[in-house]
Amino acid sequence: MIRRFTLLEVVVAIGIFAVGLGLVLGITSGARLRMERAEREARNRHILTQAVEYYLLVNKGSEATPPEEVFPYPDYTVDVDFDDPVLPDDCSDELNGFRLRAMKVEVFNKEGVSCGAMEVERIMAE
């Protein structure tokens, strides 16, 4: 004798399958969104690091703009500010024509939104 499934059993099986499929799709779409966000953050951090490296190597101060060979990101702009670092009272920030400066580098995307900022202290020739 051949046993056949009833309509109720088929509906329950389809329901269980639909719930399982929904959970799997939800998990994978959440993972995809997290992956895209991580890629964007890594790209922004890389661009910021390249800008900071350029300003650490060049000795022209804030008026220098990174050339395209070094900073090949036309959709991003770089803002750099130099300031005097906070030192103890008994310390000097200048010695033999060199001066300690605090440098803040910030990168903006084409919409003008900040992609990140980094503060670094460097020694500059006066």
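This report walks through the charged pairs, ring pairs and surface patches of one predicted model.

## Before we start

Since the model is predicted, a local feature is kept at pLDDT of at least 70 and side-chain atom pairs count only at pLDDT 80 or more, while totals for chains, interfaces and linings use all residues. Residues are numbered from 1 along each chain as its sequence is written, and side-chain values rest on heavy atoms, with hydrogens and water left out.

Helices (H or I, at least four residues) and strands (E, at least two) are DSSP runs, numbered from the N terminus. A residue is called buried under 20% relative accessible area, exposed over 50%, and partly exposed in between (1.4 Å probe, protein chains only).

## Salt bridges

Side chains of opposite charge can pair when their charged atoms come close. Here the term salt bridge is used for a side-chain nitrogen of Lys or Arg within 4 Å of a carboxyl oxygen of Asp or Glu. How many salt bridges does the structure hold? There are four. One of them joins E36 to R32, with the closest N and O atoms 3.2 Å apart. These two sit four residues apart in helix α1 (residues 7–57), so about one helical turn separates them. E36 is partly exposed, at 35% relative accessibility, and R32 is partly exposed too, at 41%.

Now for D84, which takes part in a salt bridge with R99, where the closest N and O atoms are 2.9 Å apart. D84 lies in the loop between β1 (77–83) and β2 (94–95), while R99 belongs to strand β3 (residues 98–108), so the pair ties together parts that are 15 residues apart in sequence. With 39% relative accessibility, D84 counts as partly exposed.

D84 also meets R101 in a salt bridge, at 3.7 Å from N to O. This pair links distant parts of the chain, since D84 is in the loop between β1 and β2 and R101 is in strand β3, 17 residues apart. R101 is buried, at a relative accessible area of 18%. Put together, D84, R99 and R101 make up a linked network of salt bridges.

## Aromatic rings

A pair of aromatic rings is described by the distance of the centres and the angle of the planes. Rings of Phe, Tyr and Trp (its six-membered ring) pair if their centres lie within 6.5 Å; planes under 30 degrees apart are stacked, over 60 edge-to-face, and the rest tilted. The structure holds three aromatic pairs. Among them is the edge-to-face pair of F71 and Y73, at 5.2 Å centre to centre with 75° between the planes. F71 and Y73 are both buried.

Y73 has a ring pair with Y76 as well: their centres are 6.3 Å apart and their planes stand at 85°, so this pair is edge-to-face. Y73 and Y76 are both buried.

## Patches on the surface

Patches are built from residues with over 30% relative accessible area and no salt bridge, joining like charges within 9 Å and nonpolar side chains (Val, Leu, Ile, Met, Phe, Trp, Tyr) within 5 Å. Which residues gather in the patch of positive charge? They are R34, R37, R40 and R43, and R34 is found in helix α1.

The negative patch is formed by D79, D81, D83, E119 and E121. β1 and β4 (114–125) each supply at least two of its residues, and the largest share, three residues, comes from β1. D79 is in strand β1 and is partly exposed, with a relative accessible area of 33%.

F5, V10 and I14 make a nonpolar surface patch of about 330 Å². V10 is in helix α1, and V10 is partly exposed at a relative accessible area of 35%.

## Across the model

Last stop: P88, which has its place in the loop between β1 and β2. P88 is partly exposed, with a relative accessible area of 48%. How far apart are P88 and A18 in sequence and in space? They are 70 residues apart in sequence and 67 Å apart in space, C-alpha to C-alpha.

Note on methods:
Accessible areas come from the Shrake-Rupley method with a 1.4 Å probe; for residues, only the protein chains shown count as cover. Lys and Arg count as positive and Asp and Glu as negative; His and the chain ends are not counted. The place of a charge is taken as NZ of Lys, CZ of Arg, CG of Asp or CD of Glu.
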